[in-house]
Amino acid sequence: MQTKYNIVKQAIKSQILDGTYQPHQKISSESELMKQFGVSRHTVRLAIGDLVNQGWLYREQGAGTFCADRSKEENVNQIRQKNIAIITTYISDYIFPSIIRGAESYLSQRGYQVSLFSTNNDHDNERKFLEKILTQQFDGVIIEPTKSAISNPNINYYLNLERQNIPYLMINAFYDELEPFHIVMDEEKGGLLQTEHLIELGHRNIVGFFKNDDTQGTKRMKGYLKAHRKHSIEIAPNNIVTYTTEEKSTKPIEVLTKLLAESPEKRPTGIVCYNDELAIKLLDVIRDAELSIPEDLSIIGFDDSFMAELTEVKLTTVKHPQSEMGELAAKVILDMVKQSKGTKKQTMTEKDLIRFDPELVIRSSTGPVK
């Protein structure tokens, strides 16, 4: 548990890092801080004294306490460092090790240290890591956004990266309001490929499972809808199932269990999954219902992860570039680092980045309607 003194200290530090306090701006008075945090004057003075000693604040006799300008110190640190941060939602799970390996290999060959951070798709974790990056002065940051489909509470930290001239690049998704450099897949086209493959096999009752707090999920759902409209197929309202990060281990399983309990004529014949990880979980539900794949039910994943060929049912899926995306992200961030240090005059534009084209990988989990 944090002490009151540390809570006050961290809150002031966070306000400096998110840009609430600019260099030479006066911070709240001791009385205001006492009221804000419900602490004694002694606690406030301890916190401020520590931040003054560490160079975050400075005092002017008779005028108050002000936010220090750390830019000169930061510029000196930047020259010494060759360090890139990689922030992803997960590190050791699913396709993330392949993406990270692609980036890490390229960066290490060019003399850069790589620091890895995993947000676990949680905004509070993202904030903590951004604070660390702003404090330790990395040369650049490769970021996979956290819950990219919903409003991000950490936008100020990204603006502070820009103020401090620390380049950042987003992969897999991006925060649209920031209009950052980004490397992504054409997720909408991927969702269309998944669904259209099932439609071409004769499926008409297709249920789609989409994670809706990441833009990948909302775009894949858009592709699912487009495929139905393109082929003039009506979508049953309960055939679109959305879920959040917190629900990913429960809601899809519960919904599919109910759908498969319907009579054969009402039961879906095809399932479009947000990713391979979900498809593997749903295979267990299908087995429990004593249904066969693809004879009774076709299922299609996304990402072509190592999981796609793990079970006796080999998943039809959409290929994700994985290590290729990681390597490209590494190349682009180093290009951006050169620009930020003034050693390269060329200005990068959106055209310099790649939107990977999805590709369908057909295996045994999909087949024609019986």
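## Helix α11

Asparagine 275 caps the N-terminal end of α11, with a side-chain oxygen 3.3 Å from the backbone nitrogen of glutamate 277. Helices are DSSP runs of H or I, at least four residues, and strands are runs of E, at least two; both are numbered from the N terminus. The model is predicted: local features need pLDDT of at least 70, side-chain atom pairs count only at pLDDT 80 or more, and totals for chains, interfaces and linings use all residues. Residues are numbered from 1 along each chain as its sequence is written, and side-chain values use heavy atoms, without hydrogens and water.

Helix α11 covers residues 276–288. Just after α11, glutamate 290 takes a positive phi of about 60°.

## The buried face of α11

Asp276, Leu278, Ala279, Leu282, Leu283, Val285 and Ile286 are buried in α11. Buried means under 20% relative accessible area, with a 1.4 Å probe and protein chains only. Seen down the axis, these residues fall within an arc of 165° (directions from the helix axis to the C-beta atoms), so they line one face of the helix. They pack against β8, β9, α10, β10, β11 and β12.

## Glutamate 187

Glutamate 187 sits in helix α8, residues 187–200. This glutamate 187 is buried, at 3% relative accessible area. Beyond neighbours within four places in sequence, glutamate 187 contacts Asn172, Gln216, Lys219, Arg220 and Phe302. Contact means heavy atoms within 4.5 Å.

## Cysteines

Cysteine 67 is buried at 2% relative accessibility. Cysteine 273 is buried at 0%. The structure holds zero disulfides, counted as pairs of cysteine sulfur atoms within 2.5 Å.

Definitions and conventions. Buried means under 20% relative accessible area, exposed over 50%, partly exposed in between (1.4 Å probe, protein chains only). The expected span of a helix is 1.5 Å times one less than its number of residues. A polar contact is a pair of N or O atoms within 3.5 Å; within protein, one must be able to donate a hydrogen and the other to accept it, and residues adjacent in sequence count only if both atoms are side-chain atoms.
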